[in-house]
Amino acid sequence: VEAVAAAGAAAGASAAEEEEEAVSVNREDFEYVEAFGEDWEQRWSRGPAKKDENGKPIRETLINVQLVKYPANPKDAKPCLQLVGGAVNAPCTGIWTSFAPLMRPTEVEFEFTMNGKVDQPNACVVFTERAFEGALPDCKVGVQFTVRGGMQLCGGGGNLVRISNDGKIQNDKWNKVLMKIDWATKAVVAQVDTKGKGYAPAIQTVPFRDNTCAGFGFLYVYNTDVQATCWFSSLRVKQEAGAEGLDTEALDARAHLAARLQQREYQRAVDADMEVGMKMGAIKATKEHGMNLAMEQAANNSSGAR
C-alpha cells in the first residue's frame, strides 16, 4: 500500500512538473526599469477591472491616473505616477502591464508613498501568472504586496505577513521595497526602507500566495480605498539565472533574535509592573500602623533579632 501511495505521489509531482515545464518561460537574464516618464502609457494600460464588488460599473471619475511631481517639498519632490482612488474589495482597478513569455524575476524593487485608510489595502503591487478576469485567486497569484496598517505580503492561503520593520510609513516621505524571489522554493524575502538610510534586515520568508504559479505574466497596481492616493516613482524587475538562493538560516536566526528581543522587552515590562505593584501593596499595608516602608522593615528586623 505504501509503495502504491508513494508511486501515486511521485506521479502527481511528475505531472505537475511536466505541466510547469510545458509553460513558455523567458530564461534570459534581463533588467526592466520603469521610471514612469511621459511615455508610460506605451507600456501600461488602465484597469482592467471595470466593476465593483457588487458587479456595478465603476465610475470613470472615481479612479484617476496622471504624472505629477510629488511631494510639494522641493527637497523630496520626484516625477512619479499618481494613482487616486479605488473601489472597496475590487482588485485590479488601477494600471497593469503584461510580460510574454512568462518571466521568473529574482528581484523586484520599487519606490512609493501613499495616503489612505489603514483598514483598506492600498498601493497594491501584484504579480500573477494569468490575466485578471474577475477573481484574483484565479490568476495564480505569485507575489502580492499591499499596505494595510503597514507593508504586508499575502502568502500561502491568503495569510497577510507584515514586512514593515523599519518604522511607520510617513505622509510625503518616499519608501523603498526590495523583494528577492527564490523560484526553487517559491518564496519571497522582502526588505523595506522608510527612512532613507538603507534596507532593514529581513527576518522571514513568505511563500507565494499560489504555489502553482509557474511565472509572472501580469503586473497590477491599484488601491481599494475610494479616498486613497499612492505615488510610484520607479519600478525595477530583474531576472538573473545565476542568482543565489535565499539564505533561510540567516533569516531564521534573525527571526529568533527578534523574537527573543521582543520577549525580553515584554518580560521587562512585566517585571516593572510587578515592582510597582509590590511597592503599592507594601505602602497600602503600612497605612494601618502609620509607619512607612523603611520604618516597617527596621521594626521587622528588630523584632527578628530578639
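**Close-up views of a predicted model**

Figure 1. For the protein chain as a whole, the secondary structure amounts to three helices and 15 strands.

**Figure 2. Strand β6 and its two pairing partners.** Strand β6 is mostly covered, with seven of its nine residues buried. Nine bridges connect β6 to β15 in the antiparallel sense, and Glu107 stands opposite Lys238 of β15. Strand β6 also pairs with β11 (residues 175–182), again antiparallel, over six bridges. Here the bridge partner of Val108 is Met179 in β11. In a regular strand the side chains alternate between the two faces of the sheet.

**Figure 3. The tilted aromatic pair Phe110–Phe232.** A search of the whole structure finds 16 aromatic pairs. One of them, formed by Phe110 and Phe232, is tilted, with 5.9 Å from centre to centre and 45° between the planes. The pair links distant parts of the chain, since Phe110 lies in strand β6 (residues 107–115) and Phe232 in strand β15 (residues 229–239), 122 residues apart. Phe110 counts as buried because its relative accessibility is 2%, under the 20% limit. Phe232, at 5% relative accessibility, likewise counts as buried.

Figure 4. Phe132 and Tyr220 form an edge-to-face aromatic pair, with 6.5 Å between the centres and 70° between the planes. This pair also links distant parts of the chain: Phe132 is in the loop between β7 (122–128) and β8 (141–147), whereas Tyr220 is in strand β14 (residues 216–222), 88 residues away. Both Phe132 and Tyr220 are buried. Together with Trp96 and Phe218, Phe132 and Tyr220 form one aromatic cluster.

**Figure 5. Nonpolar cores and the surroundings of Phe112.** The largest nonpolar core comprises 46 residues, and those with the most contacts inside it are Phe110, Phe112 and Phe145. Beyond its neighbours within four places in sequence, Phe112 is in contact with residues including Ala123, Phe145, Val147, Met151, Ile169, Trp174, Val177, Trp231 and Phe232. Its contacts also include Lys173 and Asn175. In soluble globular proteins, nonpolar side chains tend to be buried together. Of the 306 residues of the protein chain, 40% count as buried.

Figure 6. The whole structure contains nine salt bridges. In one of them, the side chains of Glu34 and Arg43 meet at 2.7 Å, N to O. Glu34 is buried, with a relative accessible area of 1%, while Arg43 is partly exposed at 29%. Glu111 forms a salt bridge with Lys78, their closest N and O atoms lying 2.7 Å apart. Glu111 is in strand β6 and Lys78 in strand β4 (residues 78–84), so this pair ties together parts that are 33 residues apart in sequence. Glu111 counts as buried at 9% relative accessibility, and Lys78 as partly exposed at 29%.

Figure 7. Glu109 and Arg236 form a salt bridge in which the closest N and O atoms are 2.9 Å apart. The two residues link distant parts of the chain, with Glu109 in strand β6 and Arg236 in strand β15, 127 residues apart. Arg236 is buried, with a relative accessible area of 16%. A network of salt bridges links Glu31, Glu107, Glu109 and Arg236.

**Figure 8. Val33 in strand β1.** Val33 is placed in strand β1 (residues 30–34) and counts as exposed at 54% relative accessibility. Its C-alpha atom is separated by 7.3 Å from that of Ser234, 201 residues away along the chain. Leaving aside neighbours within four places in sequence, Val33 is in contact with Leu235 and Arg236. Across the protein chain, residues 24 or more positions apart account for 70% of the contacts with a separation of 6 or more.

Technical notes:
Residues are numbered from 1 along each chain as its sequence is written. This is a predicted model: local features need pLDDT of at least 70, side-chain atom pairs count only at pLDDT 80 or more; totals for chains, interfaces and linings use all residues. Side-chain values use heavy atoms; hydrogens and water are left out. Rings of Phe, Tyr and Trp (its six-membered ring) pair if their centres lie within 6.5 Å; planes under 30 degrees apart count as stacked, over 60 as edge-to-face and the rest as tilted. Helices (H or I, at least four residues) and strands (E, at least two) are DSSP runs, numbered from the N terminus. Buried means under 20% relative accessible area, exposed over 50%, partly exposed in between (1.4 Å probe, protein chains only). A nonpolar core is a set of buried Ala, Val, Leu, Ile, Met, Phe, Trp, Tyr and Cys residues joined through side-chain atoms within 4.5 Å. Contact means heavy atoms within 4.5 Å. Two strands pair if DSSP finds at least two bridges between them. A salt bridge is a side-chain nitrogen of Lys or Arg within 4 Å of a carboxyl oxygen of Asp or Glu.
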